[in-house]
Amino acid sequence: MPGADIRWSHARFEQLSLQQLYALLQLRAEVFILEQGPYQDLDGLDQHSLHVMGHSPDGRMLAYLRIVDAGHKYEEPSIGRVVCAKAARGTGLGRALVRQGVALCDLLYPGQANRISAQAHLRAFYQGFGFEPCSEVYSEDNIPHIKMLRPAA
């Protein structure tokens with residue numbers, strides 16, 4: 001099973017160790033800034049989020065997402081900053097990561113929908129988790145995006 005040897009953890013912003021914070025920001029910068037182009041990653045929402053991290057057995061952060069609390073980005077809780085290290089792509093780790101995020105949303109926000117802003121080319125990927133498009137494609141940080149909503153369970 002993909003991601004079987006990954007250690008999953010999650011923490012609120014104020015519970016993150018300095019090492020965890022550094023590792024997650026480093027992974028986000030590698031992918032979102034160096035690979036995809038410059039944009040303002042540090043947007044003031046990390047402090048209002050649950051941070052979900054996937055580490056290899058040797059402690060290297062390979063996967064990350066955040067769940068922004070309801071009322072801060074959208075009315076609903078929002079999964080975002082979904083990222084896998086380049087070396088871990090194509091292994092199923094991304095699906096395992098989103099499964100973790102969706103399960104935590106269901107646990108922490110029972111009866112609430114989840115809204116995301118997904119890169120448009122990942123529409124089918126997120127539809128596999130129950131998200132449905134709820135906007136037209138728009139540009140965010142010069143990348144086509146689409147808002148998607150996963151109805152309350």
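This is a predicted model: local features need pLDDT of at least 70, side-chain atom pairs count only at pLDDT 80 or more; totals for chains, interfaces and linings use all residues.
Strands of a sheet pair through backbone hydrogen bonds, in either a parallel or an antiparallel manner. In this model, four strands form an open sheet whose order is E1-E2-E3-E4, with antiparallel pairing. Strand E1 (7–12) and E4 are the edge strands, each of them pairing on one side only, and neighbouring strands of the sheet are turned against each other by 15° on average when direction is ignored. The link between strand E3 (residues 61–68) and E4, which run antiparallel, consists of five bridges; Ile67, for instance, has Ile79 in E4 as its bridge partner. Although E4 pairs on one side only, strand E4 (residues 78–84) is mostly covered, since six of its seven residues are buried.

H1 lies across E1, strand E2 (49–55), E3 and E4, and runs at about 95° to E3. Helix H2 (residues 93–108) packs on the sheet as well, touching E1, E2, E3 and E4, while its direction makes about 30° with that of E3.

Gln20 lies in helix H1, which spans residues 18–35, and, leaving aside residues up to four places away in sequence, Gln20 touches Ser9, Gln15, Met53 and Met61. Is Gln20 buried or partly exposed? Because buried requires a relative accessible area under 20%, Gln20, with its value of 21%, counts as partly exposed. Between Gln20 and Ile146 there are 126 residues of separation in sequence and 30 Å in space, taken from C-alpha to C-alpha.

The aromatic residues give another way through the model. A pair of aromatic rings is described by the distance of the centres and the angle of the planes. The structure holds four such pairs. Phe32 and Tyr39 form one that is edge-to-face, with 6.2 Å from centre to centre and 80° between the planes, and both Phe32 and Tyr39 are buried. Tyr126 and Phe131 also form an edge-to-face pair, with 6.1 Å between the centres and 85° between the planes, and both Tyr126 and Phe131 are buried.

At least two lining residues come from each of H1, E3, E4, H2, strand E5 (114–119), helix H3 (123–127) and strand E8 (143–150). Which element gives the most to this lining? The answer is E4, with seven residues.

Definitions and conventions
Residues are numbered from 1 along each chain as its sequence is written. Side-chain values use heavy atoms; hydrogens and water are left out. Buried means under 20% relative accessible area, exposed over 50%, partly exposed in between (1.4 Å probe, protein chains only). Contact means heavy atoms within 4.5 Å. Two strands pair if DSSP finds at least two bridges between them. Axes are lines fitted to C-alpha atoms, for helices over the stretch in contact, and angles run from 0 to 180 degrees between N-to-C directions. Rings of Phe, Tyr and Trp (its six-membered ring) pair if their centres lie within 6.5 Å; planes under 30 degrees apart count as stacked, over 60 as edge-to-face and the rest as tilted.
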